[in-house]
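Please find below my notes on the model. They are set out as numbered points, to be read beside the structure.

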Amino acid sequence: RESDHRAWTPVTYTVTRQNATVQGLTEGKAYFFRIAAENIIGMGPFTETPKELVIRDPITVPDRPEDLEVKAVTKNSVTLTWNPPKYNGGSDITMYVLESRLIGKEKFHRVTKEKMLDRKYTIEGLKEGDTYEYRVSACNIVGQGKPSFCTKPITCKDEIAPPTLDLDFRDKLIVRVGEAFSLTGRYSGKPAPKVTWLKDDIVVTENDRTKIKTTPTTLCLGILKSVREDSGKYCVTVENSTGSRKGFCQVNVVDRPSPPVGPVIFDEVHKDHMVVSWKPPLDDGGSEITNYIVEKKDAHRDLWMPVTSATVKTTCKIPKLLEGREYQVRIYAENLYGISDPLVSDEMKAKDRFSVPDAPEQPIIKDVTKDSAVVVWNKPYDGGKPITTYIVEKKETMATRWVRVTKDPIFPSTQFKVPDLLEGCEYEFRVSAENEIGVGDPSPPSKPIFARDPIAKPSPPINPEAVDKTKNSVDLSWQPPRHDGNSKIIGYLVEYQKVGDEDWKKANLTADSCPETKYKVTGLTEGLTYKFRVKAVNAAGESEPAYVPDPVEVKDRLEPPELILDANMAREQHVKAGDTLRLSAVIKGVPFPKVTWKKEDHEVSPKADIEVTGVGSKLEIRNTVHEDGGIYSLTVENPAGSKTVSVKVVVLDKPGPPRDLQVSEVRSDSCYLTWKEPEDDGGSVITNYVVERKDVASAQWVPISSSSKKRSHMAKYLMEGTQYLFRVAAENQFGRGPYVETLKPIKAIDPLHPPGPPKNLHHVDVDKTEVSLVWNRPDRDGGAEITGYLVEYQEDGAEEWTKFQTVPMLDCVVTGL
């Protein structure tokens, strides 16, 4: 029974000997066995094996190893290989024993003491020229088996064999694009040759698609997913010290062609057919072009119609066209390996064989000057008939009418120099072509150009110099460049550099920020020294720089004030009243002085406009009046000093009123007027006085004199008893001044005198306290009626007279004596 089963299996029923062979067992399994004796009475008890028995072949030493071969021999080494024994004796090989015997000696000696399981071994350290034979034995758990058959006697010397090369490929190989191909072969040689692959004389290196595999006896170059560029002459070289061998293969990786080369040229166009041509593909796919396939299509439809599928020429007639329709043509190239992508033409209209030329493309304008320009164009399609002339036209951009530039024919040249342009005007040009059919459409207008000489960069500015400076700024001045490059100077770029530095800094970023020939460079550091330079800029760019000759130290420059008087302050200034008074002067000095205007050492009238600029000052009074006259002074002052100038201003006006008008010597028909000259004659000599009178009962003044130069006048022809007022005004060349009037009316009467003394005074009666007096009328009454008589008395011996009373009659009684 099997050791892991309980059931017993009978082996035989009749065994008469004391041994039996049990067959049908499984190798490697463990079994128990039992035996019973039997006679005619029956079967006795079983006797069982005490322990299980594993079934396997009986173990012996291994057979001898097979195929002991010498693989390599050098002057001091031998390499051997062998195969295992056919039977290992029923147990695994545990090691091999390699033995050698020097020819001439009897005994074999073990080559190595190491436990050797590899079936290849190189014996080193041999002596050149010695001859050995070798054998090998296998060992298992039982012991060492029989040795192999001995090798032939081997003499230690270098083996030399020239390379051999046996190729599996022919001289030529054709491969479809995308397929893989390999070049294989076998080689030999001693010493082992070096294998090199070349393509078109360049060493082949491995990459994603290119694989190179070389064994001691075989060689292989494989290429995956081939492309057209893999075509070429491949060469394999097998080389050792004794020589070399080469093998060649011309590989052609073929594909369908690339598309024909365009554009499709319409050599002829007719109303019912066209002739087109094209160029062959740049790449024929490695195989000769066998055919071109030509198709046509109405440009407004989607259906392509075959024209021909059997032509090797690069030209084709496209027939059966409808006049006026537009067509497209497409062309395929074909070789043994397929059909290319198509070349598609532009649209072309089927029309009469001959027509006027097409419109040229937009012309290009070059070499523009102030009065000429060169127009250049490309030759258009000639309509089937040769072009006989070109017509060039011009117009000003804002105009509407085109004008031919010449009546002379222009042909065959495709450019023309247009003369007689007006400088500064903007022009456009167009070109038409003419053949015997007629004149074609004009080209699109050229880009507009201005007739002016070509511009260049300007020359540098002239004579830059530092004209002023402060503690943080420098004022520069220069003259414009001699040549502006035929373009307006946009402005100037000013740059400065601290002495010792290499970089130039920009004082202004753009040229248009400095259009004048001067600039104030600010933001400088007091006490440092700077260099300066200036560039002129026009539309063409910047000029070369012009340098200020000497470096400038930045510090305040002190110059005492200086006044340069304008003509209106150089001498006494006369101004007519109502006109404008202007006083001005140029002021110099560093720093710029403080400016003060005064009149008669007082502030100037608020109505005066005072303006101070960087170069001077101006005082202006509009609508002057007489009071604006006087002494005006201008004072300028800075830390270096001060300066003052004065000018007398006379405002010429009408005179003031005469003074102190007096009336004397009044008569019944006249009186005498006197006065003094006005305090203010208006700045001009008084030429005359005007005298007028007025009856107090009248509103009208009556002139009595208008030309008197004297300051008195006799007023005549008065009416006796009438009351009069008088007035006088002075006149000069600027007009009549205000009048002065008498304060109260004057009555036209003769003058009055005291009457004469009474006559014949005597007393007619005397009392103790009173006296009665009488007298006669005086001889003269003084020009007026006597109104009364004054009576006075005096005590005898006294000095004073005492007034008594005034009486109207010619008598009086004096009482109270």
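1. Four strands make up an open sheet, ordered β8-β7-β10-β11, with antiparallel pairing. Strands here are DSSP runs of E of at least two residues, helices being runs of H or I of at least four residues, and both are numbered from the N terminus. Two strands pair if DSSP finds at least two bridges between them. The edges are taken by β8 (109–110) and β11 (154–155); each has a single partner strand, so one side of each is left without a neighbour in the sheet.

2. Within this sheet, β7 (residues 95–102) pairs with β8 in the antiparallel sense over two bridges. Ser100 stands opposite His109 in β8.

3. On the basis of the coordinates: this is a predicted model, in which local features need pLDDT of at least 70 and side-chain atom pairs count only at pLDDT 80 or more, whereas totals for chains, interfaces and linings use all residues. Residues are numbered from 1 along each chain as its sequence is written, and side-chain values use heavy atoms, with hydrogens and water left out.

4. How many salt bridges are there? The count comes to 28, where a salt bridge is a side-chain nitrogen of Lys or Arg within 4 Å of a carboxyl oxygen of Asp or Glu. Salt bridges with shared partners join Glu495, Arg533, Lys535 and Glu542 into one network.

5. One of the salt bridges is formed by Arg186 and Asp168, whose closest N and O atoms are 2.9 Å apart. The pair links distant parts of the chain, 18 residues apart: Arg186 belongs to strand β14 (residues 181–190), and Asp168 to the loop between β12 (161–167) and β13 (172–176). Accessibility is classed as buried under 20% relative accessible area, exposed over 50%, and partly exposed in between (1.4 Å probe, protein chains only). Arg186 is partly exposed at 35%, and Asp168 is partly exposed at 47%.

6. Glu393 forms a salt bridge with Arg430, with 2.7 Å between the closest N and O atoms. Glu393 lies in strand β32 (residues 387–396) and Arg430 in strand β35 (residues 426–435), so this pair ties together parts that are 37 residues apart in sequence. With a relative accessible area of 13%, Glu393 is buried.

7. Lys607 and Asp628 form a further salt bridge, the closest N and O atoms being 3.1 Å apart. Lys607 is in the loop between β51 (602–603) and β52 (609–612), and Asp628 is in the loop between β53 (616–621) and β54 (630–638), so the pair ties together parts that are 21 residues apart in sequence.

8. Gly500 is placed in the loop between β40 (491–498) and β41 (505–506). Gly500 is exposed, with a relative accessible area of 72%. Gly500 and Ile455 are 45 residues apart in sequence and 37 Å apart in space, C-alpha to C-alpha.

9. The structure holds 15 aromatic pairs. Rings of Phe, Tyr and Trp (its six-membered ring) pair if their centres lie within 6.5 Å; planes under 30 degrees apart count as stacked, over 60 as edge-to-face and the rest as tilted. Trp377, Tyr390 and Phe411 form one aromatic cluster.

10. Two contacts between a charge and a ring complete the note. The charged end of Arg34 sits over the ring of Phe46, at 4.0 Å from its centre; the criterion is NZ of Lys or CZ of Arg within 6 Å of the ring centre and within 35 degrees of the ring normal. Arg727 lies over the face of Tyr739, 3.9 Å from the ring centre.
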